[in-house]
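Dear colleague,

Please find below the structure that I am handing over to you. My findings follow directly after it, and I would be grateful if you could read them alongside the coordinates.

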Amino acid sequence: MTPTNATPQSLDENEITLGTGMGPLRFGATMDEVRALMGEPEEIEESEDDDEFEHQAWNYLEEGYSLYFDREDDFRLSCIETDHPGMRLYGENIHGKTPDEIQALMSRHGHEASETEKMDTGEMRISYEKEMIDLYFDDNELQFVNFGVFISEDLDVQWPA
């Protein structure tokens, strides 16, 4: 039974909703809530001792998702990385799109890229800092995205309502 105050979920499990999550996965979910929704991850990675943020990454390799839980946020879901070929943003399938196509999509929705970087390995990253999303391209095609819960200018986490 869905609580009466629940936000309606996207009908598409691969629809990215900036600041909120992806499909039924919502930022702020506990590990138990994610486990109930997704099952056991195929792999759990612990952060290294010298990492700035202590976290766990739950990898669902077959589905193409990595889910991040930060200790600082009481191990609630705070970031998702996906290379799922069906990933969608604003109702459009984005996997394989060019940087220009992605920038045009984001621009149509009022977002301006804050940074573009060519990586040492040849890939390219376009970041939208305010929207908390990084998009990674290889051979001019979107390969994967990493996106997280919104953070205020005061660096407070803005959990979805």
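In this predicted model, 39% of the 161 residues of the protein chain count as buried. The accessible surface of the protein chain comes to about 9,600 Å², and carbon and sulfur atoms account for 45% of that area.

Regarding the overall fold, the protein chain contains 2 helices and 15 strands. Its radius of gyration is 16 Å, close to the 15 Å that the globule rule gives for 161 residues, so the chain is as compact as a globular protein of that length. Taken along the principal axes, the box filled by the C-alpha atoms is roughly 40 × 40 × 35 Å. As for contacts between residues at least 6 apart in sequence, 39% of them join residues at least 24 apart.

The charges deserve a separate remark. There are 41 negative side chains and 10 positive ones in the protein chain. The centres of these two sets lie 7 Å apart.

Which residues touch the most other members of the largest nonpolar core? They are Val 34, Leu 67, Leu 77 and Ile 94, within a core of 30 residues. Both helices, H1 (31-38) and H2 (99-108), are among the elements that give two or more residues to this core. The strands that do so are E5 (55-60), E6 (65-70), E7 (76-82), E11 (124-128), E12 (133-138) and E13 (141-148). Leaving aside residues up to four places away in sequence, Ile 94 touches Ile 16, Met 87, Leu 89, Ile 102, Leu 105, Leu 142 and Val 145.

Ser 114 sits in the loop between H2 and strand E10 (115-118), whereas Ser 127 belongs to strand E11. Is Ser 127 buried or exposed? With a relative accessible area of 6%, under the 20% limit, Ser 127 is buried. Ser 114, by contrast, has a relative accessible area of 42% and is partly exposed, because this value falls between the limits of 20% and 50%. Between Ser 127 and Glu 115, which are 12 residues apart along the chain, the C-alpha separation is 5.2 Å.

The contacts of the two serines, again not counting residues up to four places away in sequence, are as follows. Ser 114 touches Ser 127, Tyr 128 and Glu 129. Ser 127 touches Ala 113, Ser 114, Glu 115, Ile 133 and Asp 134.

Met 132, in the loop between E11 and E12, has a phi near 60 degrees, a positive value in a residue other than glycine. Asn 140, in the loop between E12 and E13, likewise has a positive phi, near 65 degrees, and is not a glycine. Met 132 is partly exposed, at a relative accessible area of 29%. Asn 140 is also partly exposed, and its relative accessible area is 48%.

Where does Gly 23 lie? Gly 23 is in the loop between strand E2 (21-22) and strand E3 (25-26), and it is buried, with a relative accessible area of 9%. Gly 23 and Tyr 90 are 67 residues apart in sequence, and the distance between their C-alpha atoms is 12 Å.

Glu 72 occupies the loop between E6 and E7. Its relative accessibility is 60%, which is over 50%, and therefore Glu 72 counts as exposed.

With kind regards

Definitions and conventions:
Residues are numbered from 1 along each chain as its sequence is written. This is a predicted model: local features need pLDDT of at least 70, side-chain atom pairs count only at pLDDT 80 or more; totals for chains, interfaces and linings use all residues. Side-chain values use heavy atoms; hydrogens and water are left out. Helices (H or I, at least four residues) and strands (E, at least two) are DSSP runs, numbered from the N terminus. The radius of gyration is taken over C-alpha atoms; the globule rule is 2.2 Å times the number of residues to the power 0.38. Buried means under 20% relative accessible area, exposed over 50%, partly exposed in between (1.4 Å probe, protein chains only). Contact means heavy atoms within 4.5 Å. Accessible areas come from the Shrake-Rupley method with a 1.4 Å probe; for residues, only the protein chains shown count as cover. Lys and Arg count as positive and Asp and Glu as negative; His and the chain ends are not counted. The place of a charge is taken as NZ of Lys, CZ of Arg, CG of Asp or CD of Glu. A nonpolar core is a set of buried Ala, Val, Leu, Ile, Met, Phe, Trp, Tyr and Cys residues joined through side-chain atoms within 4.5 Å.
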